[in-house]
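This report covers side-chain contacts in one protein chain.

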Amino acid sequence: MYTKTKQKQVEDVLLTQIVVTSEVNNIFKYNDKIYSSQSYESGLDPDMSDFAIAFYEIIYNKKIISNGQIIDMNFAGDTINTGIYMKGQRKKVKLENRHCLANFWVIPYVHGRKREKPKRDYWDLYLSYLKENISAYDKNFEQNHDFKDFKVTQFIPENVNSSTLMHQEISIKNRAKLLAKSDVGDKLWLYFADNSLL
């Protein structure tokens, strides 16, 4: 039975920082961080770690990689919120808790991993861009019928906001709650329990 206690455990894991390492072939928790191997053949990146890939396969019910390669370029892992540019500064102030499952999703490779994402790494601005392009039937979003379907598929909470670091953190926490309460919550709990993360 999927209880409120288990739901809270799922939320906690979804918000735990992920570190990718090439030194192990498993997933484990140490010092309040989750360490993961990476089978994806590219530079080490938490949003394409083995831990994240299994998470995507649970919430999207779709295989993401095979033999170290992305199967469908419309389904590539990416980080949603990464931080903000402060007025008058050229470097982004990075969000400390950005590398966690609740802040990862899959979007077309050209918008994320290829680093051409419009309104890059500002969740609300990217969603505004998508709303227009999905309605125009962008070929990168053939798996979604409309913007409402996209939001449901991606477990997007209401009123997401990326304008400040605090707003980004709130949006990530709200997505963790939404995922934990959803029909995939119990599957996530089993996956986390199997990896001794609870």
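## Charges over rings

Lys62 lies over the face of Phe75, 4.8 Å from the ring centre. The charged end of Lys6 sits over the ring of Trp189, at 4.2 Å from its centre. A charge sits over a ring if NZ of Lys or CZ of Arg is within 6 Å of the ring centre and within 35 degrees of the ring normal.

The model is predicted: local features need pLDDT of at least 70, side-chain atom pairs count only at pLDDT 80 or more, and totals for chains, interfaces and linings use all residues. Residues are numbered from 1 along each chain as its sequence is written, and side-chain values use heavy atoms, with hydrogens and water left out.

## Salt bridges

A salt bridge here is a side-chain nitrogen of Lys or Arg within 4 Å of a carboxyl oxygen of Asp or Glu. The count by this rule is 2.

Lys62 also forms a salt bridge with Asp72, with the closest N and O atoms 3.8 Å apart. This pair links distant parts of the chain, 10 residues apart: Lys62 is in the loop between helix H2 (50-60) and strand E4 (65-66), and Asp72 is in the loop between E5 and E6. Helices (H or I, at least four residues) and strands (E, at least two) are DSSP runs, numbered from the N terminus. Lys62 is partly exposed at 30% relative accessible area, and Asp72 is partly exposed at 24%. Buried means under 20% relative accessible area, exposed over 50%, and partly exposed in between (1.4 Å probe, protein chains only).

Lys8 and Asp12 meet in a salt bridge at 2.7 Å, N to O. Both lie in helix H1 (residues 4-14), 4 residues apart, about one turn of the helix.

## Aromatic pairs

The whole structure holds 12 aromatic pairs. Rings of Phe, Tyr and Trp (its six-membered ring) pair if their centres lie within 6.5 Å; planes under 30 degrees apart count as stacked, over 60 as edge-to-face and the rest as tilted.

Phe51 and Tyr191 have ring centres 5.6 Å apart and planes at 25 degrees, so this pair is stacked. Phe51 lies in helix H2 and Tyr191 in helix H6 (residues 185-194), so the pair ties together parts 140 residues apart in sequence. Both residues are buried.

Trp105 and Tyr126 have ring centres 5.8 Å apart and planes at 70 degrees, so this pair is edge-to-face. Trp105 is buried at 0%, and Tyr126 is buried at 1%. Trp105, Trp123, Tyr126, Tyr129 and Phe150 form one aromatic cluster.
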